[in-house]
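Subject: Structure handover

Hi there,

Here is the structure I promised to pass on to you. Could you open it next to this email while you read?

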Amino acid sequence: MSSGISIRHDIVPQLEQLLGPEAVFVSDLQRYSIDGVLPTAVARPGSAEQIPALLKIANEQNWTVVSFGGGTRQQVGQTIERIDIVLSTERLDKIENYDPGDLTIAVQSGARVDSVSTACAQHRQLLALEAPAGATIGGALAANESGPLRAGFGAPRDFCIGVNFVTGDGVKGRGGGRVVKNVAGYDLMKLMIGSFGTLGVIVSANFKLFPLAQQTATFITEFDSVAQAIQVRDWLLRSPLAPISAELINPTASEYLTNRAPRDPDSWAPEAPSQQKKRWMLALRFAGSDRLLARCRKELAFASPRDLTEAEQMAFWRAVAGFEATAIERHRNGMIFHVSAPLAESQNVIEAAQGAATDYNFVASTIARVTVGTLVIAFLPLAVDPPGATQFASAASHFRSRLSRGASAVVMRCPLEAKPQFDLWGSTPSDIALMRKIKRAFDPNNILNRGRFLVE
Amino acid sequence: MSHQDSAIQTAEEHGHSLQMGESNFAGPDRPTWELYATCVHCGLCLNHCPTYRVLGMEMDSPRGRIYQVLQVDAGRLPIAESFVTHIDRCLDCRACESACPSGVQYGHIVERARAQIEQHYQRPWLARQIRSFFYRHVLGDRKRLSQIATLLRFYQRSGLQSLAQHCGALKLIGMAELDRLQPRVDDRFFFEQFGQVFPASGERRARVAFHAGCIASVAFSALNEATVRVLTKNGIEVCVPAGQNCCGALQAHAGFRDEARALARQNIAAMLDDRFDAVVTNAAGCGSTLKEYGDLLREDGQCSDAERFAEKVKDVTEFLSSIGLRPPERQMKLKATYQDPCHLAHGQRIRNPPRELLRAVGIELEEMPHSDQCCGSAGSYNVTQNELSMKILDAKMNDVSSTSAELVVTANVGCMLQLRAGMDRAGLNLPVKHVIEVLDECY
Amino acid sequence: MFSFGIASKLKKIVGRDSVLDRAEDLMLYEYDGSLARGMPNFVVFPQNTEQVSAIMKLACSEQLSVIPRGAGTGLSGGAIARRGGIVLSLARMNRILEIDVANLRATVQPGVVNLDLSAALAPQGFYFAPDPSSQKACTIGGNVAENSGGPHTLVSGVTVNHVTGIEVVLPDGRIAQLGSKSANAAGYDLPGVFVGSEGTFGIATAITVKICRLPESVATLLSIYDDVQDAANTVVALTTEGITPAAIEMLDGWTLRAVEAYVHAGYPLDSAAVLLIELEGLREAVDEQAEIVSAVCRRAGAREVRRAKDENERQLLWKGRKTAFGAIGRVSPSYYVQDGVIPRTRVPETLRKIEEVGKKHSLTIGNIFHAGDGNLHPLILFDARDEQQTRRTLEAGREILEFCISVGGSITGEHGVGMEKQDLMSSLFSDSELEVMARLRKCFNPDSVLNPQKLLPSIRTCRETVMPGHASLDAPVASGAELR
């Protein structure tokens, strides 16, 4: 399916007619460029009701549409060759309903994750959605964002209880609702989460909230090898302890958790791990009363952990959550993987990344969510003899070839010039044929994020 | 509701000839609406039913059997081969009653269904003769039972049995399994003790009537004698009233309710006596039936006597544990596992007393998985439904061998026979004992 | 109507003793745990995935519908053959394929009984978290189809939160893999969307689930009230206090008296309501929270708060709750159980509404709630032999669910839509929303071969024709005992 017969010069007047002139922009498009491709127009509907009509026309006219929240993940996936309309949700930023007594919240998709979190925190409640700074609710869901808190509170699929969206041909869809337990109808939340805007435009979503912990403690234990760290992880999985975060940080990754001012991004090089005294770090965070935290401390005593102070904790976890951003900030040519693998494979994934990176002149910096089985791995190019475009592809394929069939390793970011060289999504244990059918059913003319996703 | 109509429509559309109409039940002992309507077909019984666990089909589940009863009553299902097959297959172990939240009296339903089958269904000639002979003329007739037992004893002792086993003749005629299940007939029958009184040793703490059972009296005399010894050693005077007879359990389970009623009347007349603190039995199957004489004789004038009698009936483990054991002379330092007899655990809701008694004599109990699931013995089931019974038994042996027990204890003679046959089949070498036999060794 | 041929083809696939085609056998598959009835033409008992696939291919070519069935404990008619066809019983695919402690996963065949899996995991200190009240009989395949919950879903989530991989046989017989042992897989979350599809997407033939550590410590509190509204308010108060118990169950006075007669759990007969509150986790946390919870309960007006002394007492308290539906069978020959969900804060007014509805229709309504997540199970008692009363019962049920919708709730929290609540789907979802769902179903099950006429209201499903009266619950009742 490709461009063909669309009449693109009509786009702006038609949009203006539909949404009102104040909602259509043709200037300042740079902000909305994706992989260097500029959209023809930016639509910023002021009401969710306008979206079905917009998509209906786009579908009929074969205008390609990219939904756009905070723009934090627009670089994911293959480059979209042509963008007729960027559909920005920035004006749909309201909290529609929040009754703290129900521990649920209903939010429009353009609301910033951080501002919704702040609103919840005022009632000592937690929205467990973690996303890059500036991300919106809709974007965070579409990208299936998660962070260190996933160990304790799950992923968006576990706490998103309802979603409203519009399909590629402008039909309003909904899954779930505002109550925490609900099996009426198909679970369309699961479909929208992680679909990267290829099945529909998320208009609003409902979440289950959690009581905010009174206090937390963070224990850092250090190891000389990944094997030792994984041993402690295995012990942890069988112990009664239930950390809300459990991250294994490899020696090079810890460099990106400090506040050192970035040097010139193009010449910054990670220091070679062998020359460092740096060690593997297992960071465990627990929530609860003094007695409970004392118990955790006691149980962990054998690994002689270091206790972070309140201020250190805040800074540390912010840095962990921001690891990916920091790494990219310092290495514009970095390649970031999001890996998901069976728990017993954690060490293998870490070592495979290390091996593949070294072979192709990268250094692998890894943060592994070790009780969940997801990993963020940054392949950072060495300043000496930096890798060429094909080397990204080779490193990725080398890395992936060492993973089991149940694992996925998605490239979330890599240099633009490397993108055409390889499959950014990699293989999936799930059935591709079904995914394609679903894509066609929800976006019959393939106007949403055309060419970007795994199903293409 | 509408779906029910649709079911019928569906049935008709597809050419099935199931029509609603007049009830196919008639005569006495009908399963009533009040009995089966308590079933809300929630299905919680399924996984507790040994036949469902083996066969995995609704027809062979408690819910399904109740549904079939209901359909017979609604005139949609005849009392014919299919109905009879599935009702016959029921072990009447009543594990479903323990599982049932609605308190469905499944045992009552199935026994009535069987009574209806006996009234309205022609079994094949041979089966009819055998069943009638066995249920009408053997169990309740001390003389005839003794004669048959004597014959069987001759077969067992004369070398005929071992000849038959070794030459493979039994295998040839498909009787090898059945042969393995038969009890060893006693040299002296317990019937000789009928009418005796055994005084309590030491201070008398209670006086009981002992119900000795029919088959137990020709094949388990030693157990009966042990029961008397354990009771008397514990300060209990034991009378064995001469007028007692078979409890009628097998008859009632098989649908011969009139025969069972006649026996019930005899037993009540012989043993309902204020001199006795209790009527004690060492057989779970007998105990459960004795305790249900009230239901059996409901249509009789004797109902209130029957209920008073039923209240007095105690399983020997229940009775001993309620008055407390005297300190045993010896402790038995063994690791054992206990198999709940269905008619004790489900029929009488007695689970802890036998275990407490075993612990009291020093036994360390290790529970096997599914200890309260039927072993497949179920009265005469292992004979009439041998193949299925053996499948159930093999599963039981798996559970037994998953423990490190050196001894298997149960509290019912039928279970003992079955479990011993199971040991044979599985090549396990564990002794199988009755709780009373264990206690007897300690006094 | 059907040729002898189909039966013999089915027998060729699964074996002679694994096909039922006689009317007297088929009628045993016309019911499940619900009020619905419908007789299939065949029942088959496959033993492996390949057989399931062969059956699906045959069904497709013969245009027969296929209705998957686990233990038949469902409460919404999901396993009922609405227009004949093949009931595909998974009862014999009941092997636990793998317990993989290192990956915290177990892989099971669909016919494995929920509690059997937990029992198999217990020696290693693990369990399978979803705990529907029917867990001693219901199968994991059924849990996947219905996205089953249970009392403890408050803290541990429903089935979908515990499934990461499914092998499914699609209606055309193709075997597809959805997800794996990993926490997530690249691409769309297919296992996520498959769970809860009520047998309309495919047949799960192997299911990979998360296994959870058994908690170190568990405390079960029984909070006793003289006023049912105080009990309702306690639930909101606990939320405000920032405590998330593992479960909060509520039984009203009428229900607890019915249950007590059976279980003797120690529920006080003169009370208006009890809350069963369970806390689990590390000893320290449980002990502290138990104290806070007790205080909150008392402040909200509890007359007494008891804590189960030992495991026996705890089991007994839970037995009362878990067997509550069935125990009602002792009181009333028939009952109709609802499965509405409301926001927690609306519990007090919903209780008032239910009482009102009961009065209006002169019906006794007992209430059992998963109060912590606002999932209510009103039990409407009636005598199915009384046609008038039966009508009023169904009407009352509908009024209650419509109230749930009006306060922002849902018509089913865990029992599923099935054929029972199909009509109400149109009150909950708009036409376009239902159309989107129908599109999704078409991706998996284009010709509605699998479990036709379920879940989505009949008008949505253009390919299916429905006989008038079938989809509604208001037709006259033929014979009493067939209803609860």
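Below are my notes on the chains, the contacts between them and a few local features.

Before anything else, please keep in mind that this is a predicted model. For chain A, the mean pLDDT is 92, and 94% of its residues reach 70 or more.

**How the chains meet**

Two pairs of chains touch, and the pair with the most contacts is A and C. Chains A and B, by contrast, share no contact, and their closest C-alpha atoms lie 20 Å apart.

The contact between A and C takes 66 residues from chain A and 75 residues from chain C. On the chain C side, at least two residues each come from β9 (175–179), α7 (190–194), α8 (228–240), α10 (283–299), α15 (425–428) and α16 (431–444). Of these, α16(C) gives the most, with nine residues. Sorted by class, the side of chain C that touches chain A has 32 polar, 29 nonpolar and 14 charged residues.

**The core**

The largest nonpolar core holds 437 residues. The members that touch the most others are Met192(A), Val208(B), Val44(C), Leu88(C), Val259(C) and Val274(C). Strand β14 of chain A (residues 280–287) gives the most to this core, with seven residues.

**Around Val44 in chain C**

Val44(C) is worth a click. Apart from its neighbours within four places in sequence, Val44(C) is in contact with Leu10(C), Val14(C), Ser18(C), Val19(C), Ile55(C), Ile86(C), Leu88(C) and Ser89(C). Leu88(C), one of these partners, is also listed with Val44(C) among the core members that touch the most others.

The strands here belong to an open sheet of four in chain C, ordered β1-β2-β4-β3, with mixed pairing. Its edge strands, β1 (19–20) and β3 (66–69), each pair on one side only. Strand β2(C) covers residues 42–44 and is joined to β1(C) by two bridges, with the two strands running antiparallel. Within that pair, Val19(C) stands opposite Val44(C).

In chain B, have a look at strand β4, residues 278–281. Both of its faces are covered: Ala278(B) and Val280(B) are buried on one side, and Val279(B) and Thr281(B) are buried on the other. Strand β2(B), residues 206–211, runs parallel to β4(B) and is joined to it by four bridges. There, Thr281(B) has His211(B) opposite it. Strand β5(B), residues 313–315, also runs parallel to β4(B), with three bridges joining the two. Val279(B) has Val313(B) as its bridge partner in β5(B).

Terms used: Residues are numbered from 1 along each chain as its sequence is written. Chains are lettered from A and ligands numbered from 1 in the order in which they are written. This is a predicted model: local features need pLDDT of at least 70, side-chain atom pairs count only at pLDDT 80 or more; totals for chains, interfaces and linings use all residues. A residue is buried if 20 or more other C-beta atoms lie within 10 Å of its own, exposed if 12 or fewer, and partly exposed in between; C-beta atoms are placed from the backbone. Two strands pair if DSSP finds at least two bridges between them. pLDDT is the predictor's confidence in each residue, from 0 to 100. Two residues are in contact if their C-beta atoms, placed from the backbone, lie within 7 Å. Ala, Val, Leu, Ile, Met, Phe, Trp, Tyr, Cys and Pro count as nonpolar, Asp, Glu, Lys and Arg as charged, and the others, Gly among them, as polar. A nonpolar core is a set of buried Ala, Val, Leu, Ile, Met, Phe, Trp, Tyr and Cys residues joined through C-beta atoms within 7 Å.
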